[in-house]
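Me: I have a new chain open and would like a short walk through it. Can you start with the terms and then go on to the parts?

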Amino acid sequence: MVESTLIYRYDALPLCGSVDDDDSTNSQALLEQKKKCKILISRITPNSEPQATIESGEFNIHYLISQGIIYLCICKKSYPRKLAFSYLNEIAHEFYNSHGQEALSPTARPFGFTSFDNFLHKTKKIYQDQRAQSNLDKLNDDLADVKKVMTKNIEDLLYRGDSLDKMSDLSSSLKQDSLKYRRRAQRINLEALIKQYIPIVGVGLIFVFICYYLLRR
């Protein structure tokens with residue numbers, strides 16, 4: 001389930017956050033995840049992946065960057081990633097349409113958009129309803145393709161000095177390798193076709209030459 005939602009600006013200014021259940025048995029664990037989110041925000045640069053999943057213990061932190069605003073949600077690891085990114089996309093669309101210009105203004109204040117929590121609460125409830133999840137699972141073609149979403153462990157980011165930029169570098173490297181192997185596969189297929197049909201073409205040419213020679217006599 002979606003445990004918490006946070007909305008930040010690129011310069012790490014907090015814009016809005018969901019009001020979470022303080023009586024929850026995992027409230028302390030959730031508080032720790034929120035602290036990690038703040039550090040994560042400070043690591044995001046223009047070169048970072050626009051969306052990614054950060055594995056953190058029993059939780060996943062999913063983030064989406066859209067039009068200069070960063071949207072994060074903390075979910076249990078068992079919660080489907082497709083739903084998490086569908087949720088973030090819906091939040092991003094509504095927030096930018098409602099408050100985008102104000103949020104990006106130099107005069108925006110920290111947590112100056114708490115009124116948006118009402119929408120967060122309603123949307124969060126919809127995405128936690130089992131029937132809603134069942135319906136959303138049927139819309140796979142319309143949801144984010146999570147196979148293309150980078151995944152990183154929180155330990156690598158916070159304690160081993162890795163950055164989110166490296167995720168972008170890795171993604172670029174994977175794309176280049178994929179293109180290189182695709183070209184190699186195409187070349188191998190072409191060579192195989194040539195080897196397969198050269199004897200046939202050769203026999204055909206010999207046959208044509210013989211026929212031409214006989215007709216010329």
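Reply: Accessible areas here come from the Shrake-Rupley method with a 1.4 Å probe; for residues, only the protein chains shown count as cover. The accessible surface of this chain comes to about 13,500 Å², and 55% of that belongs to carbon and sulfur atoms.

Me: Where does the model come from, and how are residues numbered?
Reply: This is a predicted model, in which local features need pLDDT of at least 70 and side-chain atom pairs count only at pLDDT 80 or more, while totals for chains, interfaces and linings use all residues. Residues are numbered from 1 along each chain as its sequence is written, and side-chain values use heavy atoms, with hydrogens and water left out.

Me: How many helices and strands are in the chain?
Reply: Six helices and six strands. Helices (H or I, at least four residues) and strands (E, at least two) are DSSP runs, numbered from the N terminus. Along the sequence the pattern is β-β-α-β-β-β-α-α-α-β-α-α.

Me: How much of the chain is buried?
Reply: Of its 217 residues, 38% count as buried. Buried means under 20% relative accessible area, exposed over 50%, and partly exposed in between (1.4 Å probe, protein chains only).

Me: Why is strand E5 largely enclosed?
Reply: Seven of the eight residues of E5 (residues 69-76) are buried, so the rest of the structure largely encloses this strand.

Me: Which strands pair with E5?
Reply: Strand E1 (residues 2-9) runs antiparallel to E5 and is joined to it by seven bridges. Strand E4 (residues 59-66) also pairs with E5 in the antiparallel sense, over eight bridges. Two strands pair if DSSP finds at least two bridges between them. Thr-5 has Cys-73 in E5 as its bridge partner, and Ile-65 stands opposite Ile-70 in E5.

Me: New topic. Which residues have the most contacts inside the largest nonpolar core?
Reply: Ile-7, Leu-15, Tyr-71, Tyr-87 and Phe-95, in a core of 25 residues. H2 gives the largest share of this core, nine residues. A nonpolar core is a set of buried Ala, Val, Leu, Ile, Met, Phe, Trp, Tyr and Cys residues joined through side-chain atoms within 4.5 Å.

Me: And His-99, buried or exposed?
Reply: His-99 is buried, with a relative accessible area of 15%. His-99 lies in helix H2 (residues 81-103). Leaving aside neighbours within four places in sequence, His-99 is in contact (heavy atoms within 4.5 Å) with Phe-113, Ser-115 and Phe-116.
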